[in-house]
Amino acid sequence: MTVTVERNDNIKIIALDGQIDVATSDQTCADIVKLLEKKPTIIKMPKVTYVSSSGLRALLMIAKTAKSQGIKVTYAEAVPEVVDVLQMTGFIKMLHCVPTMADALKELGE
Amino acid sequence: MLHNKEFPARREILPQALTEITAEIKKYFTDDKWINRLKVAAEEILVNIVDYSGSEKFYVSCDFLEDEQTLRFEFVDEGELYNPLEEVPEVDIDEELDERQIGGLGIFLYETIMDKLEYHCDDGKNHLLAYKKLV
């Protein structure tokens with residue numbers, strides 16, 4: 001899994017590329033948590049091809065950490081297979097997952 | 001074909017096991033959504049075996065039941081005897097972030113995805129069977 005900061009001004013955009021599964025979820029979670037700052041953040045997911053239940057746990061940990069630090073995080077552009085798993089578990093609503101980057105920026109007030 | 005294929009029960013082996021399982025799924029399922037769902041279910045079952053059973057290895061079979069048009073997986077381990085279907089934690093998918101627990105999602109996922117799950121113990125081994133009819 002590659003974690004890249006694409007933008008870091010008043011909003012931070014973190015792009016993910018790869019699978020969030022049993023092999024990568026712990027490191028992905030640690031990498032993203034390390035990048036969180038006190039500013040609204042978008043996690044861009046179009047290149048995430050697979051999220052397993054280990055991946056869901058990582059996303060939940062990230063969301064809980066962000067919330068405890070008062071950081072608003074939105075997830076954007078997940079592919080249909082990932083959206084399906086997020087929907088099945090109620091994560092789509094709980095994590096503020098939106099279809100497009102424009103929706104995410106709007107959600108964060110830009 | 002996967003027939004009682006043995007794998008060491010280690011996390012680093014799981015990607016290889018899942019690649020082989022996914023290849024079997026793709027022989028019968030063409031919809032990416034269902035291929036992905038079945039992979040998610042298989043991964044969760046295997047993670048539970050590797051992390052909690054104490055078994056040194058596990059075995060996977062995958063066969064297609066023609067009459068029922070159903071794909072059947074069998075996961076076998078030699079760890080502590082445990083029926084994962086006995087105590088399925090309740091998951092409220094409408095819970096807000098603060099209330100959500102980190103655990104419990106896995107069994108919920110494979111119960112939701114599969115049509116039928118069966119557990120039995122035989123020869124001191126745990127056998128978990130998971131069925132999914134073609135969609």
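In the second largest pocket, α2, β4 (73-76) and α4 of chain A each supply at least two residues of the lining. The model described here is a predicted one. Within this lining, α2(A) provides the largest share, with three residues. The second largest pocket holds about 240 Å³ of space. A total of 14 residues line the second largest pocket, and those nearest its centre are K67(A), V73(A), M94(A), H96(A) and L97(B). Sorted by class, the lining of the second largest pocket consists of eight nonpolar, one polar and five charged residues.

The largest pocket contains about 600 Å³ of space. Its lining is made up of 31 residues, and the closest to the centre are E44(B), V47(B), N48(B), I49(B) and Y52(B). Two or more residues of this lining come from each of α1 (25-35) and α2 of chain A, and likewise from each of α2 (32-53), β3 (70-77), α3 (105-113) and β5 (125-133) of chain B. The element that gives the most to the lining of the largest pocket is α2(B), with eight residues. By class, 15 residues of the lining of the largest pocket are nonpolar, nine are polar and seven are charged.

The contact between the two chains was examined next. The size of an interface is often expressed as the accessible area that is lost when the parts come together. For chain A and chain B, the buried area is about 2400 Å², and 60% of it lies on carbon and sulfur atoms. On the side of chain A, the residues that lose the most area to chain B are V22(A), Y50(A) and M88(A), which together account for 26% of what that side buries. In terms of residues, 27 from chain A and 26 from chain B take part in the contact.

Twelve residue pairs are in polar contact between chain A and chain B, with both residues at pLDDT 80 or more. On the side of chain A that touches chain B, the elements giving two or more residues are β3 (41-51), α2 (53-68), α3 (80-88) and α4 (91-94) of chain A. Of these, α2(A) gives the most, with nine residues. The side of chain A that touches chain B comprises twelve nonpolar, eight polar and seven charged residues.

Side chains of opposite charge can pair when their charged atoms come close. Three salt bridges are found across the interface of chain A and chain B. A salt bridge joins the side chains of E44(B) and R57(A), with a distance of 3.4 Å from N to O. E44(B) is also among the residues closest to the centre of the largest pocket.

Over all chains, the whole structure has 15 salt bridges. Within chain A, the side chains of E37(A) and K12(A) form a salt bridge, at 2.8 Å from N to O. E37(A) is located in the loop between α1 and β3 of chain A, while K12(A) is located in strand β2 (residues 12-20) of chain A, so this pair ties together parts that are 25 residues apart in sequence.

Technical notes: Residues numbered from 1 in each chain as written. Chains lettered and ligands numbered in written order. Predicted model: local features only at pLDDT ≥ 70, side-chain atom pairs only at ≥ 80, totals over all residues. Heavy atoms only, no water. Contact = heavy atoms within 4.5 Å. Buried area = accessible area lost by both parts, 1.4 Å probe. Salt bridge = Lys/Arg side-chain N within 4 Å of Asp/Glu carboxyl O. Polar contact = N/O pair within 3.5 Å; in protein donor to acceptor, adjacent residues only side chain to side chain. Helix = DSSP H or I, 4+ residues; strand = E, 2+ residues; numbered from the N terminus. Nonpolar A, V, L, I, M, F, W, Y, C, P; charged D, E, K, R; others polar. 1 Å grid on protein atoms, 1.4 Å probe; cavity = no way out; pocket = protein on both sides within 12 Å on 5 of 7 lines; lining within 4 Å. Points joined across faces, edges and corners; volume = space filled by probe spheres on them.
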